[in-house]
Amino acid sequence: MKGIVILLSLLVFLAGACSHPSIINPAWQAGAPGTDKSWSAIKNAVVMPAARAAEPPVAPHHESSILVVYPKEDAHIDSASTFLVGSCPAGARLTCNGSEVRLNAQGYFAHVVRLKPGTNTFTLALQNVPEQKRMVRVFRDSDPPPLPPRPLKIAADSVEPKEDLGVTAGDVVALCVRATPGGRVDAYVGRRKIALVPAWRAPRAVNRGLDAAYGSSYQRRGRFPADLYCGFYTVSPADHWHNVRPRFVLAKAGRTLSLTARASLTTIEQPSPAQTKHDDTVVRLGPGQARTTPLAAGVRLLVDGWQGSSMRCLLAPGRHVWILKEDLLLENIRSVAPSSAVRTINISDEPGGLRISVPLSQRLPYQIEQQLVPNRLILRIFGATADTDWITPARPVTDSGTLDHVTWRQPEDRVYEMTAHLKSDRQWGFWASYEENDLVLHIKDAPHLMPESAPLAGLRICVDPGHGGEETGALGPSGTRESTVNLAIALKLKELLQREGAHVVMTRQTETEGPSLAARVETAVREKCDLLLSVHNNALPDGRDPWAEHGTSSYWYHPQAIELARTLKKALVQEVGFPDYGTYYQNLALARPSQMPAVLVEVGFMINPDEYAQLLDPQVQDRAASALLKGIKKYVGASK
C-alpha cells in the first residue's frame, strides 16, 4: 500500500511538471527593471532581480493559475503600449479585458495592450473558470498638462540649465522654463537680459520630444509643451560670472513672478590643467554621451568648462571631450602646457604581436581609429607637433606578417596622426598604453593555430554566459531566467570548443556567480584571449510586439568584430532555425574591448512564447552551441 501511495505521488508531481515544462528555477515575482547601460538595461522591459538559485519553485503570490512575469504590479511605463508576458495551463482559453489572448501550445503568452495616460487596469481571465483571474495595473507617464492661464506660476522643476555650467566666450547657453502661457518671460544672467519666446513658435523641424530605443526612434514626449519658453545667449568676453544663478521673470496682465534657478554659471578665462587618475578612463564626446578611445593614467589635458560633474577637456582648437570630475586630478598650478614634439617612431616585437612606440615629453591625449578598407590603424595624438625624421623598425617590416609600413602627417595644429598600414584583411586586436612618456600602440598578431593537434588548438576563447547572480536578464513566460538559458548554452559550447582543442576561459560557470561587466572584460584581457563571445537571449522594450519581432541577432562595437558577428549569427540562423534579426553596431560593454574581436549574440527571444519554449529544450540548446562552434571554426578557417 505504501508503494502505491508513493507511486501516485510521483505521478502527480510528474503531471505538474509536464504542464509547466520550465518549472526549473522559476522567478514568480517580477522586480524592477535594470537602470545601468549594460545589455540588460537595453532589455529593460523584462529585466528582473533574481531569486536565489537554490530556492525551490514557489507558487505565485496570487490565487490563480495565471502567471504574469511582466510588467510588475504598479509599474510606470513611458510608452503608448506594453505587453503582458506570462503563462497559464496549456490548452486553456485566456482573455484580457474580454479580448482573446493568443497562447502557444505550452500556454505561454505575450499580449500587447494599449496604454492611456494615467492608470491602466487589465484583467486576465480563464474562460469557463470564473475564479481564475489575474489583475495587472500599470501607469503610463505622460506630458504634464500645461499650466493654467491663472494664477501666475513658474514650474521650478522645468528650469534649464539643470546643472552647474562652466563656460567660455563663444559658448551658447540654453535657457528654458515652463510658465503660465500668454505672458512674457525674461531671463537675467548677471546684468544680461535674455528674452524668451514660446517654444511652440520654433521651426517645425525642432523636436525636443524625440527619443530612441533599441535602434528605433519614437516620440516620447510632445514636440514642445504649450507653456514652454526658450531662448539662448552666446557668452561674451565681457561676461564675468562666478556661480551666477539665472533668474526668470514672468509678466502677465500687470503682474510679475520671478524664480531663481538652482544651477549656476561660471565663466572661465583660462583653462586649467588636469590629468587622468587611472587607466581606462572613460572619455565621452558629450556629457553622458557617446564614448571615444579610453585614456591611460597620467594623461594631461586642459579643462575649459563643465556641466555638472562632467568636465570639458580641450584637445585641439575646436575639439573637446568630456571626462567625469572624479576621474581627473585638477592641477592648481598652470605650469607646462600639454604639448610635445614627435621626433621618431619606433617599431619592435612583443609577445603575440608588435608595438609601435611614439616617444613624447609628457603624456598627451590620443584617439585610435580602426579601418578595414584599407586595413589600418590611425593613432591621433593631441597637443603634438611633427618633427619626425625617423621611423625605425627593430626588424625589416617586410618580415612582419602583420605590418606593412607606418606613415605620419600633421592634418591640423596640435593634431599628430600616425597610421599603421597592415598587411592582411583582418585585425585581431589593438590597444594603447603609456610606458613612461612613450605612447605605445600594440597590434596583435593572428593566433598561431596547431590544426595538426586539433582544429582549434592554439586558440584562446573567452565565453561569457550573460547575466548571472542578481542579474537575471529577461524572464520567459513561465518564469525561467535568461541567465539560466545563457549558462546552459555557454557550458555546452565550452565542452564542444575543448573537444576541438581550444583553450576556453569562462566568465562564470554557475547561476550564483554574477561578475560585473568590467570583471568579465578584465578576465578576457588578462587571459590574452583571441576571441570574446558573450551569449545572451533577447527581449524588447515597451511599445513593441514580441510576436512580430523576434529571432537571432549579433552585435559588434569595433570594426574588427563585424565579420565574426555576421558569421556567428548566420550559423545560428541555419542551425537553430529562428528568423534572422540582423547584425548591428551596439555600444555594449562585452563588445567594447579592443584587445580581441568581441561580439555578443542573442540566440532567440525570451519573451516570444514559441522561441522561449524551444530555448528551454536541451536539444535546441545543443544546436545553438553547435552553431556557435561552426561559426567560430568558419571564421578562423577563413583567416588562413
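The cut-off I used for a disulfide is 2.5 Å between the sulfur atoms. Cys529 is in no disulfide, and the nearest cysteine sulfur to it belongs to Cys462. I note that this is a predicted model.

Are these two cysteines buried or exposed? Cys462 has 0% relative accessibility, so I count it as buried. Cys529 also has 0% relative accessibility and therefore counts as buried.

**The disulfide**

Next I asked how many disulfides the rule gives. The count comes to one. Cys176 and Cys230 form it, with their sulfur atoms 2.4 Å apart. I looked up where the two cysteines sit. Cys176 is in strand β12, residues 172–179. Cys230 is in strand β17, residues 228–234. They are 54 residues apart, and the pair links distant parts of the chain. I then looked at the handedness. The torsion about the S-S bond of Cys176 and Cys230 is about 115°, so this disulfide is right-handed. Both Cys176 and Cys230 are buried.

**Helix α4**

I turned to helix α4, residues 517–526. Its buried residues are Arg520, Val521, Thr523 and Ala524.

**Strand β25 and its two partners**

Strand β25 spans residues 310–316. Six of its seven residues are buried, so the strand is largely enclosed by the rest of the structure. I traced its pairing on both counts.

With strand β24 (residues 300–307), β25 pairs in the antiparallel sense over five bridges. Trp306 has Met311 in β25 as its bridge partner. The hairpin of β24 and β25 has two residues between the strands, and Gly308 takes a positive phi near 60° there.

With strand β26 (residues 319–324), β25 pairs in the antiparallel sense over six bridges. Leu314 stands opposite His320 in β26. This hairpin also has two residues between its strands. Here Gly318 takes a positive phi near 80°.

**Strand β7**

I then checked strand β7, residues 108–114. Five of its seven residues are buried, and the strand is mostly covered. Strand β4 (residues 81–87) is joined to β7 by seven bridges, and the two run antiparallel. Phe83 stands opposite Val112 in β7.

**A five-strand sheet**

My last entry is an open sheet. Which strands form it, and in what order? The order of its five strands is β32-β28-β29-β36-β35, with mixed pairing. β32 (384–393) and β35 (430–435) stand at the edges. Each has a single partner strand, so one side of each is left without a neighbour in the sheet. The twist averages 25° from one strand to the next.

I followed one pairing in detail. Strand β28 (residues 340–350) and β32 run parallel, joined by seven bridges. Asn346 has Thr392 in β32 as its bridge partner.

Terms used: Residues numbered from 1 in each chain as written. Predicted model: local features only at pLDDT ≥ 70, side-chain atom pairs only at ≥ 80, totals over all residues. Heavy atoms only, no water. Helix = DSSP H or I, 4+ residues; strand = E, 2+ residues; numbered from the N terminus. Buried < 20%, exposed > 50% of the residue type's maximum accessible area, 1.4 Å probe, protein only. Pairing = 2+ DSSP bridges. Axes fitted to C-alpha atoms, helices over the stretch in contact; angles between N-to-C directions.
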